[in-house]
Amino acid sequence: MIVAERKAISDILQMIEGAGRVLVVGCGTCVTVCLAGGEKEVAVCASLLRLQNQGEDRDLTVAEATIERQCEWEFARELDELVPDCDAIVSLACGAGVQTLAAQFEDTPVFPGLNTQFIGIPEEQGVWTEHCLACGECVLDKTGGICPIARCAKTILNGPCGGSQDGKCEINPETDCAWQLIFDRLKRLGRLHMLEEIEPPKNWSHSSDGGPRKVKREDMIL
Amino acid sequence: MTTGELRTSVIAFCCENSALQAVEDARHFGMTMPECVQTIRVPCAGKVEEDHILKALESGAAGVVLFACHTENCQYLQGNVRAEKRLTRLRGLLDEIGYPADAVLYASAAPAEAARAARILRTFADDLASVDREEAIEQ
């Protein structure tokens, strides 16, 4: 899932300065699961904006809505009737959701209420960790299903580095060394021989270094 | 109830397995209780979410008490622990917007502790009354 965190309310207030009617929009998918931008978080954010405004002279109305997925036009269009009544939208979605709303509602400013962090998984309740960098050329087949691109601080393809100590990364003793995990996993699978193959330098043009990416399925295009 | 009436009131979310009984007994046995307290029965304090408390404040309540079971006495094991953590987080959120964080209180009481429950509510209501809330919010 895409993991995100809410921006500081003071930042959001700064963005919506001057707007009298604000619509806070949540997303029912990734950011709901990571407790950053679902229906409850929309209610909390809207309440905080209203409460903060209680001591102000400004007349602020805050409406709430949560759609299934902000990054899809069909769902974004569900806001068609609400948006004309507002001066600004605060999107509690990932960057893709914010941009979808901005494209869908050209005449209304759309502001990000979240900081999109990474593609990750829930490590335990309330803790999420990065597991995928969307590099565009997956190497998980060679690394026992553990990603050295996202989970190794140095993104090295032939690890571990000299900084791996007791299974932990030198940049943070709380972070597992990805290459230790890869070694342990391949050993368990009886596939340690895979580490004898030297992985050539990665072609980063498949990642964001190659500019904005696009995926096309010709058979699906109408 | 109008917003004006609520402004002087305290909303107490009470766990039905503990604090609710204590508060009801305090009333029943004529203990000194602030009149402005409204109790809301909840199955567990851990069921009360941040938005419930914020809605109560938005509706005009001067303060909100989240009344749970004592530590390690939760029927659902971790409900009170989660409730306390949630309230701590909520206080941080209120701080973020400059709203007085002491408008929300986490407290615990056993069903038989009517006097304790009454004392907590009295103290909380007195503390709220001693502060000009409107002024505090504006500051």
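This is a predicted model: local features need pLDDT of at least 70, side-chain atom pairs count only at pLDDT 80 or more; totals for chains, interfaces and linings use all residues.
**Notes on the two-chain model**

1. Stepping back to chain B as a whole, you will find 6 helices and 4 strands. In sequence order they read α-β-α-β-α-β-α-β-α-α. Of the 139 residues in chain B, 44% are buried. For contacts in chain B between residues at least 6 apart in sequence, 78% join residues at least 24 apart.

2. Chain A has 7 helices and 9 strands. Why is chain A described as more spread out than a compact globule? Its radius of gyration is 22 Å, whereas the globule rule gives 17 Å for 222 residues, so the value is well over what the rule gives. The C-alpha trace of chain A spans about 65 × 45 × 25 Å along its principal axes.

3. Chain A is split into domain 1 (2-118) and domain 2 (133-210). The C-alpha centres of these two domains of chain A are 37 Å apart. As for burial, 33% of the 222 residues of chain A count as buried. Among contacts in chain A between residues at least 6 apart in sequence, the share joining residues at least 24 apart is 56%.

4. Next, the place where the chains meet: 13 residues of chain A are in contact with 14 residues of chain B. On the chain A side, α1 (9-15) and α3 (39-53) each supply at least two residues. The largest share of that side comes from α3(A), with 8 residues. By residue type, the side of chain A that touches chain B divides into 6 nonpolar, 5 polar and 2 charged residues.

5. Strand β1 (residues 2-6) of chain A deserves a look of its own. Of its 5 residues, 4 are buried, so β1(A) is largely enclosed by the rest of the structure. The strand runs antiparallel to β6 (residues 114-124) of chain A, and 5 bridges join the two. You can find A4(A) opposite T116(A) of β6(A).

6. Which residues of helix α7 (residues 178-188) of chain A are buried? They are A178(A), W179(A), L181(A), I182(A) and F183(A). The cover over the buried residues of α7(A) includes α6 (148-151) and β9 (172-176) of chain A. After α7(A) comes G190(A), which has a positive phi near 70 degrees.

7. There are a few backbone details in chain A to check while you have the model open. The peptide bond from G159(A) to P160(A) is cis, with omega near 0 degrees. P160(A) sits in the loop between α6 and β8 (168-169) of chain A.

8. The loop between α6 and β8 of chain A also holds T155(A). T155(A) is not a glycine, yet its phi is positive, near 55 degrees. Is T155(A) buried or partly exposed? With 16 other C-beta atoms within 10 Å, T155(A) is partly exposed.

9. A134(A) is one more non-glycine residue with a positive phi, about 55 degrees. Where is A134(A) found? A134(A) is in the loop between β7 (127-132) and α6 of chain A. Because A134(A) has 14 C-beta neighbours inside 10 Å, it counts as partly exposed.

Terms used
Residues are numbered from 1 along each chain as its sequence is written. Chains are lettered from A and ligands numbered from 1 in the order in which they are written. The radius of gyration is taken over C-alpha atoms; the globule rule is 2.2 Å times the number of residues to the power 0.38. A residue is buried if 20 or more other C-beta atoms lie within 10 Å of its own, exposed if 12 or fewer, and partly exposed in between; C-beta atoms are placed from the backbone. Two residues are in contact if their C-beta atoms, placed from the backbone, lie within 7 Å. Ala, Val, Leu, Ile, Met, Phe, Trp, Tyr, Cys and Pro count as nonpolar, Asp, Glu, Lys and Arg as charged, and the others, Gly among them, as polar. Domain bounds come from an automatic or database domain assignment. Two strands pair if DSSP finds at least two bridges between them.
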